[in-house]
Amino acid sequence: MKIINTLVLALGLPILASAAPTEQTDTVTIFMIGDSTMANKPLDKENQERGWGQMLPLYFQGPVKIDNHAVNGRSSKSFRSEKRWDAVMEKIRPGDYVIIQFGHNDEKIKNQDRYSEPGGTFDENLRQYVRDTKSKGGIPILMNCIVRRNFPANAGLKAEDRDDNPPVGPVKDTEGGVILVDTHGAYRDSPRRVAEEEGVVFIDMNKLTHKLVQEMGATLSKELFMWIPANTYEFCPEGKADNTHLNVLGGIVVSRLAANALAEKVPALRKYIRPEVYNLNK
């Protein structure tokens, strides 16, 4: 906890465990669709996991609402097939924003309910979300996946060896190195490509989080992810070593990166973002 508080203070972040939009008369809504890295997580039993979208309201103010529809385990394919996108579409008003971030679960080639191919069906799915949003008068914002914490001794990690819910202890082939190795491959590029084709905003969350995690290094970066010692919290008495999902600090830090990027890339949103959290000259 001492390390976490030191990092929070050094980054100029608020020391808060969770965030929720303030009740108000909203003039604009920012919808969020994506997977577990963005989703709202339960707070019971001392749960330490947070999606970065869950923490994003920390950095917003005024007549704005953040409506986070991201759900654990969903891909660009399954989010639509489960009719979750239909529920969002019913709510979008002209001038609202939709942040779209998928990829983690689209990679799962062994699960055809979720799998989509970069350069093919993944791009098609993202393109359809963008066009649907525009059809309602909304403003789409495409983002790519946040980075996994992956410092392998052997940099030849294969996609089929990855595990989004790793077991307790060191994860297979992901510890021992000092260089952060990408695991998302071509899935990083599809949102950028579709954004260019459709003329919408793209935010490179993979690049931003890669820089953050690499600069923190293999040891300190564990403070952002769900590396939980055994016998510490009620929600996970056996402990956990998870390089994909963010903890409280990770959610706060990554959401600040997102807020900073939104202030820079979407000037119309800047008035809703607390000015102390971004520096456009950095």
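Reader: Where is E46 found?

Author: E46 is found in the loop between β1 and α2. Helices (H or I, at least four residues) and strands (E, at least two) are DSSP runs, numbered from the N terminus. This is a predicted model: local features need pLDDT of at least 70, side-chain atom pairs count only at pLDDT 80 or more, and totals for chains, interfaces and linings use all residues. Residues are numbered from 1 along each chain as its sequence is written, and side-chain values use heavy atoms, with hydrogens and water left out.

Reader: Why is E46 called partly exposed?

Author: Buried means under 20% relative accessible area, exposed over 50%, and partly exposed in between (1.4 Å probe, protein chains only). E46 has a relative accessible area of 43%, so it is partly exposed. E46 also has a positive phi of about 60°, although it is not a glycine.

Reader: What makes K45 partly exposed?

Author: Its relative accessibility is 48%, so K45 counts as partly exposed. K45 lies in the loop between β1 and α2. Its phi is positive, about 55°, and K45 is not a glycine.

Reader: Why does R149 count as buried?

Author: The relative accessibility of R149 is 1%, so R149 counts as buried. R149 is placed in the loop between β4 (139-143) and α6 (189-198).

Reader: What joins the side chains of R149 and N243?

Author: A polar contact of 2.8 Å joins them. The term covers a pair of N or O atoms within 3.5 Å; within protein, one must be able to donate a hydrogen and the other to accept it, and residues adjacent in sequence count only if both atoms are side-chain atoms. A polar atom of the R149 side chain also lies 2.6 Å from the backbone oxygen of A218.

Reader: How do you know that W85 and Y129 form an edge-to-face pair?

Author: Rings of Phe, Tyr and Trp (its six-membered ring) pair if their centres lie within 6.5 Å; planes under 30 degrees apart count as stacked, over 60 as edge-to-face and the rest as tilted. The ring centres of W85 and Y129 are 5.0 Å apart and the planes are at 90°, so the pair is edge-to-face. W85 is in helix α4 (residues 84-89) and Y129 in helix α5 (residues 121-135), 44 residues apart. Both W85 and Y129 are buried.

Reader: Why is the pair of Y233 and F235 called tilted?

Author: The ring centres of Y233 and F235 are 6.1 Å apart and the planes are at 40°, so this pair is tilted. F235 has 22% relative accessibility, so F235 counts as partly exposed.

Reader: What sits over the ring of Y129?

Author: The charged end of R80 does, 4.6 Å from the ring centre. A charge sits over a ring if NZ of Lys or CZ of Arg is within 6 Å of the ring centre and within 35 degrees of the ring normal. The charged end of K222 sits over the ring of W227, 4.3 Å from its centre.

Reader: What is the angle of the kink in α7, and where is it centred?

Author: The kink is about 55° and is centred on Q214. The bend at a residue is the angle between axes fitted to the seven residues ending there and the seven starting there. The buried residues of α7 include L212, V213 and M216.
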